[in-house]
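Please read them alongside the coordinates.

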Amino acid sequence: MATKEEILDAISSMTVLELSELLKDFEERFGVTAAAPAAVAAAPAAGGGGAAAAEEEEKDEFDVVLTAAGDKKIQVIKEVRSLTNLGLKEAKDLVDGAPKPVLEKVSKEDAEKAKTALEGAGATVELK
């Protein structure tokens, strides 16, 4: 039987396509999915750290909330579509239903860019 180190060495020398096939074979053989363990592992890490971890997490992730569309609603709809890849109807519904989040859990840099773009189109935006 191969040691963990030998297995890791073999995996590190594989191409992305080979890794994808290995993952599919692993999931089929053992009846699991790769996404479920990652979600389960992330949940205790977020909840187990207490208030300090929650504060740190909030500083890393921001929500961009459209509070008002302003006078140039068409330009705001165009910006929402470019930021979110929503369809025309979905973007219009989001703008009409303000205040609503446009982007959720994005980095501070991305949130600032989105805020600048939306405000440039005439919208009123909040970062939370």
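The points below take up model confidence, helix packing and aromatic pairing in turn.

1. Confidence overall. This is a predicted model. The average pLDDT for the chain is 77, and 80% of the residues reach at least 70.

2. Where pLDDT is low, predicted coordinates should not be read in detail.

3. H5 against H6, geometry. Two packed helices are described by the angle between their axes and the distance between the axes. For helix H5 (residues 73-84) and helix H6 (residues 88-96), the axes come within 9 Å and the crossing angle is roughly 120°. H5 and H6 are therefore oblique to each other. The crossing of H5 past H6 is right-handed.

4. H5 against H6, residues. On the H5 side the contact involves Lys73, Val76, Ile77, Val80 and Arg81; on the H6 side it involves Leu88, Ala91, Lys92, Leu94, Val95 and Asp96. Sorted by class, this contact of H5 with H6 holds 7 nonpolar and 4 charged residues, with no polar ones.

5. H5 against H7, geometry. H5 also packs with helix H7 (residues 108-120): their axes come within 8 Å and cross at roughly 155°. An angle over 145 degrees counts as roughly antiparallel, so H5 is roughly antiparallel to H7. H5 and H7 cross in a right-handed sense.

6. H5 against H7, residues. H5 contributes Val76, Glu79, Val80 and Leu83, while H7 contributes Ala114, Ala117 and Leu118. The contact of H5 with H7 comprises 6 nonpolar residues and 1 charged residue, and no polar ones. Val76 and Val80 of H5 are listed in the contact with H6 and also in the contact with H7.

7. Aromatic pairing. How many aromatic pairs does a search of the whole structure find? The search returns 1. The partners are phenylalanine 26 and phenylalanine 30, whose ring centres are 4.8 Å apart, with 50° between the planes, a tilted arrangement. Phenylalanine 26 and phenylalanine 30 are separated by about one helical turn, because they lie 4 residues apart in helix H2 (residues 16-30).

Terms used: Residues numbered from 1 in each chain as written. Predicted model: local features only at pLDDT ≥ 70, side-chain atom pairs only at ≥ 80, totals over all residues. Heavy atoms only, no water. Axes fitted to C-alpha atoms, helices over the stretch in contact; angles between N-to-C directions. Helix = DSSP H or I, 4+ residues; strand = E, 2+ residues; numbered from the N terminus. Parallel < 35°, antiparallel > 145°, perpendicular 65-115°, else oblique. Left-handed = near helix turned anticlockwise from the far one by under 90°. Contact = heavy atoms within 4.5 Å. Nonpolar A, V, L, I, M, F, W, Y, C, P; charged D, E, K, R; others polar. pLDDT = per-residue confidence, 0-100. Phe/Tyr/Trp six-rings, centres within 6.5 Å; stacked < 30°, edge-to-face > 60°.
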